[in-house]
Amino acid sequence: MPEITILKRPREEAVITQRMFFKKTARGKVIKVLRERYLRDDISCGIDGCRACDATAQTVLSRSGDTTHKSFPTGHYILPDTNVFLAQMDLIESNFFTPPIIILQTVMEEVRHRSLPLYSRLKALTTTDERKVWVFYNEFRSETAIVREDGETPNDRNDRGIRKAAEWYNTHLTLAHPPIRGQSKSAPKVVLITDDYANRQKADKDKIPCISVRNYVDGMKNSDQLLDLLSATGSDEVEPTRAVSGRTALYDDYLPMSTLVAGVKAGQLYQGHFNANQYNYLEGTVPVPAFTKPILLVGRENMNRAVQGDVVVVEVFDEREWKAPTDEVIDQEATLKNDDAEDSEEEGDDLMVHEHESKALRAEHTKKAPTEKQPTGRVVGIIKRNWRAYVCHIDSTSLTSSNATSLGLQTVFATPVSRLLPRIRLRTRQAPSLIGNKILVTIDRWDITSRYPEGHFVRTLGKAESKEAEQESLLLEFEVPYRPFGKAILDCLPPEGEQWVVPPKSAAIPEWRDRADLRDLIICSIDPPGCQDIDDALHARRLTNGNIEAGVHIADVSHFVHPETAMDNEAAARGSTVYLVDKRIDMLPALLGTNLCSLRPHVERLAFSVIWEMTVDAEIVDVRFTKSVIASKAAFEYGEAQLRKDDPKLNDNLTQSIRLLNSLAQKLKAKRMAAGALNLASPEVKIHLDSSESSDPVDVEQKALHETNSLVEEFMLLANTSVAKKTQESFPQTSVLRRHLPPPPTNFEKLQDILLKRKGLKLDVSSSGALADSLDKCLDPKEPAFNTLVRIMATRCMLSAEYFSSGSVSRDTFGHYGLASPIYTHFTSPIRRYADVLVHRQLAAAIGYTPLHPSLHSKMHVERIMEVVNRRHRMAQMAGRASVEFYVGLALKGRNEREKEVTEDAFVIRTFRNGLGVFVSKLGLEGLVMFKRDTQFDAENYTISVPSSDIGRPDVTISVFDKVTVRIEVEKDKNTQRGRVKMTLVSPVNSRAL
């Protein structure tokens with residue numbers, strides 16, 4: 001028997017190669033994790049022509065580095081520490097910032113732990129071809145790997161590791177660039193970039209070249225363009241503006257995070273999202289489950305530097321201090337128009353602005369009935385900031401010098417496009433040249449001594465009102481990903497490209513495996529005008545037993561988009577296709593969305609079909625799900641299908657199929673309504689463009705709804721419901737579903753009170769069926785549009801529908817309130833919704849077509865995707881509405897130029913102490929009519945009395961639901977240089993005199 005010798009590794013070596021850390025499990029248990037790391041000495045430095053590294057190793061950095069910097073004429077590479085990437089990513093990503101960058105593994109890991117969005121941007125930077133970036137795995141190189149010392153913090157350990165790597169690089173470069181006889185040129189340097197003063201001191205002590213970010217940028221040849229990109233939080237050398245330094249605190253400090261967490265857990269504090277008031281910048285609310293009404297925050301001090309979307313912690317005041325929301329429009333720009341960006345915190349100005357704001361609020365909260373009051377409190381801490389890059393314009397009145405050639409540093413106000421955001425103070429050398437442009441600004445900090453947050457300029461989007469700048473600003477404002485699809489994504493497409501076709505039928509061909517051949521069925525699609533991404537098609541035919549077969553056929557997107565591929569990951573990140581008036585931001589590459597997956601007529605396409613056998617009364621006898629191959633016989637627009645259905649001269653198979661589908665749809669809808677489904681309304685308009693090539697709007701009209709709209713809707717609802725039942729039965733823990741929770745009755749209190757007092761109508765909200773019946777009775781014989789208006793207002797009282805994982809919530813909350821359905825999902829639009837793609841995969845597994853991908857067995861994974869998809873879905877909706885609003889403004893501007901005066905009928909939907917909120921149904925446009933003269937406001941009865949425009953006549957009383965005529969103008973804002981819609985009353989009183 002051979003002798004076996006066991007060799008034990010020296011303890012000193014084990015200490016270096018082992019990494020130990022503590023980790024908290026999902027249940028809160030802390031465990032110790034020990035990981036072995038294998039150290040190597042062959043990890044390349046990434047520099048071209050390095051003699052000390054393996055000649056076959058990949059390199060991306062040039063041999064001499066960058067030689068254009070004033071401080072490093074012999075060439076250099078930069079090695080930023082973690083905080084540089086956390087604070088100065090806008091600078092690093094700039095096309096003007098081009099030095100070769102070395103990113104350490106230590107830095108990558110620390111950024112990933114601190115901020116996933118920034119980590120994603122950093123990863124994207126390492127893969128771009130335009131930049132010279134090298135990732136060096138210092139934790140695995142034997143000369144640069146370090147071990148945390150006793151008593152050393154993780155941050156200090158990482159800083160030491162970064163200095164160690166910088167020191168090794170400079171020694172390594174000396175070996176790689178040995179001196180050549182007769183030449184005095186020295187080797188390039190690796191420069192540590194850090195804003196940590198203590199870190200720089202230690203680096204200087206070790207003779208490691210180092211510099212702060214600001215000093216480094218100062219020495220670059222294009223420093224004027226880059227200095228504005230510096231974040232205020234990133235540098236310890238930036239002097240605070242006079243407005244911040246030496247000032248008394250305007251806000252309370254936030255409580256420590258441990259106190260916040262403990263307070264929320266104990267029920268003494270409340271956590272929620274901060275929502276700003278679009279009509280009054282001095283008010284905000286925080287909805288929390290503990291109260292039926294959201295917590296009201298009144299005044300700057302109580303909002304305590306919260307910004308729209310921040311996750312905040314709120315302390316609720318004693319009930320005696322509760323207040324009601326304001327009934328006055330308080331506009332930030334008007335109230336603070338004389339505030340100075342640099343001196344806005346001077347003692348006199350501070351008192352004057354504070355008094356102005358206090359006066360605006362005082363009158364509002366003293367005359368309210370006790371029933372209108374709601375929980376009131378103050379923000380005591382921030383759990384998570386929602387800060388990002390915001391679309392803004394420079395407030396021209398805040399410039400101290402308007403000389404276009406002046407490069408002096410100025411402190412100016414950037415006013416965000418969104419009315420929900422505060423003005424941002426920033427320092428820039430480009431202020432005069434930025435006037436009249438849309439720009440991107442990021443918030444860096446908001447000190448307790450500053451009335452405004454401070455930020456930095458990122459980039460210019462273009463001239464305000466130009467379609468390109470407005471469109472890009474809209475996409476950025478709603479965080480719509482619009483970058484072109486990258487090579488890795490396009491490589492996932494079929495190599496045949498547009499030439500791909502369904503192969504001839506054969507059992508040996510994968511496309512035909514377990515697919516039903518439905519090519520002979522009379523199938524057609526019915527879609528909005530101009531639709532290119534045709535998701536769905538339908539058919540219906542009579543069976544020999546007297547029943548009817550009806551089918552919904554959906555594009556088989558999951559055949560082309562496979563799990564865990566680059567295209568799948570991109571679709572998951574985008575979440576939804578975004579439809580703008582003249583542009584579509586696709587979730588999937590156009591080759592799939594508008595070609596290979598689109599169910600075009602007279603072309604064979606892969607589909608996923610849901611086929612029912614029904615009685616003539618639309619009772620479901622049977623349902624089956626199958627992958628299929630179809631060949632659509634026609635692609636109709638809603639109007640075309642309606643004309644075909646109504647034409648008595650037509651009686652072909654296709655027309656009979658449409659009539660049969662319509663007959664079933666009417667019966668399906670009647671059953672839904674009888675079950676308590678709601679027939680709600682939203683303002684939808686159609687923009688008429690100058691031509692198919694032009695994007696100039698010429699007119700606006702309300703969208704016409706045909707019977708065929710309802711036909712398609714009913715069968716899509718039926719398909720979604722049928723699929724939801726099937727997938728939930730098969731995957732009860734991870735099925736992707738969609739729900740619509742019942743709204744709290746308090747959401748309807750205001751609308752109920754208005755209807756009762758103004759029209760004598762009662763609104764029963766005890767159930768969806770009761771609400772549906774009540775809405776049907778909300779009629780005004782003199783005004784047919786009144787019922788639609790009430791439905792629009794009721795829709796705004798609802799909660800938003802959301803996607804969820806079936807195992808994440810209790811079974812009794814699965815229902816869809818608006819549809820009166822106990823279970824629901826989205827299956828019918830996989831080209832434009834990622835949730836539908838997941839549902840397709842789950843349904844394919846449920847019918848045994850393919851096994852379910854492991855990721856869809858993970859409840860945590862599905863929950864994470866649902867969170868992203870819900871957010872993207874909301875943003876896509878808001879971006880679409882904002883695009884319509886912008887084009888309505890352009891169309892109105894054109895009408896203003898062609899016509900002497902543009903007037904439209906409108907309904908009053910809200911009364912304020914100093915104005916009216918009106919809704920122009922023809923344009924789907926909501927606006928404010930403001931009164932500058934004194935008015936008599938009756939908050940309890942929702943009326944406002946204004947002086948008559950005719951001398952000697954009594955005051956005119958206007959109330960909610962009244963029909964008025966408004967004059968609509970598009971005027972150019974002197975400050976923003978952007979057109980904005982302005983409304984004034986024409987009748988019953990001419991408000992220009994007011």
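**A hairpin and what lies beyond**

Author: Strand β19 (residues 516-517) runs parallel to β26, and the two pair over two bridges. Keep in mind throughout that this model is predicted.

β25 covers residues 604-614 and β26 covers 620-631. In a regular strand, side chains alternate between the two faces of the sheet.

Now the turn. The hairpin of β25 and β26 has five residues between its strands. Ala618 is in that loop. Its phi is positive, near 70°, although Ala618 is not a glycine. Most residues other than glycine have a negative phi. Is Ala618 buried or exposed? Its relative accessibility is 3%. Buried means under 20%, so Ala618 counts as buried.

A positive phi turns up at Glu479 too, at about 50°, and this residue is likewise not a glycine. Glu479 lies in the loop between α15 (467-477) and α16 (487-490). With a relative accessible area of 22%, Glu479 is partly exposed. Glu479 also belongs to a network of salt bridges, linked with Arg388, Glu477 and Arg871.

One more backbone point. Ser987 and Pro988 are joined by a cis peptide bond, with omega about 15°. Most peptide bonds are trans. Pro988 sits in the segment after β39 (979-987).

Next, the salt bridges. The structure holds 50 of them.

Start with Glu139 and Arg157. Their closest N and O atoms are 2.9 Å apart. Glu139 is in the loop between β5 (133-136) and α6 (154-176), and Arg157 is in helix α6. The two residues are 18 apart, and their pair links distant parts of the chain. Both Glu139 and Arg157 are buried.

Then take Arg841 and Asp568. Their side chains meet in a salt bridge of 2.8 Å, N to O. Arg841 lies in helix α25 (residues 834-846) and Asp568 in helix α17 (residues 566-574), so the bridge ties together parts 273 residues apart in sequence. Arg841 is buried, at 10% relative accessibility. Asp568 is buried as well, with a relative accessible area of 4%.

Arg967 comes to 5% and counts as buried.

Now the aromatic rings. The count is 15 aromatic pairs. Take Tyr279 and Phe912 among them. Their ring centres are 5.0 Å apart and their planes stand at 55°, so the pair is tilted. Why tilted? Planes under 30 degrees apart count as stacked and those over 60 as edge-to-face, so 55° falls into the remaining class. Tyr279 sits in the loop between β9 (275-276) and β10 (283-286), and Phe912 in strand β32 (residues 903-912), so the contact ties together parts 633 residues apart in sequence. Tyr279 and Phe912 are both buried.

Finally, charges over rings. Arg305 lies over the face of Tyr254, 4.1 Å from the ring centre. Arg423 places its charged end over the ring of Phe413, at 4.2 Å from the centre.

Back to the part you asked about. Ala618, with its positive phi, sits in the hairpin of β25 and β26.

Notes. Residues are numbered from 1 along each chain as its sequence is written. This is a predicted model: local features need pLDDT of at least 70, side-chain atom pairs count only at pLDDT 80 or more; totals for chains, interfaces and linings use all residues. Side-chain values use heavy atoms; hydrogens and water are left out. Rings of Phe, Tyr and Trp (its six-membered ring) pair if their centres lie within 6.5 Å; planes under 30 degrees apart count as stacked, over 60 as edge-to-face and the rest as tilted. Helices (H or I, at least four residues) and strands (E, at least two) are DSSP runs, numbered from the N terminus. Buried means under 20% relative accessible area, exposed over 50%, partly exposed in between (1.4 Å probe, protein chains only). A charge sits over a ring if NZ of Lys or CZ of Arg is within 6 Å of the ring centre and within 35 degrees of the ring normal. A salt bridge is a side-chain nitrogen of Lys or Arg within 4 Å of a carboxyl oxygen of Asp or Glu. Two strands pair if DSSP finds at least two bridges between them.
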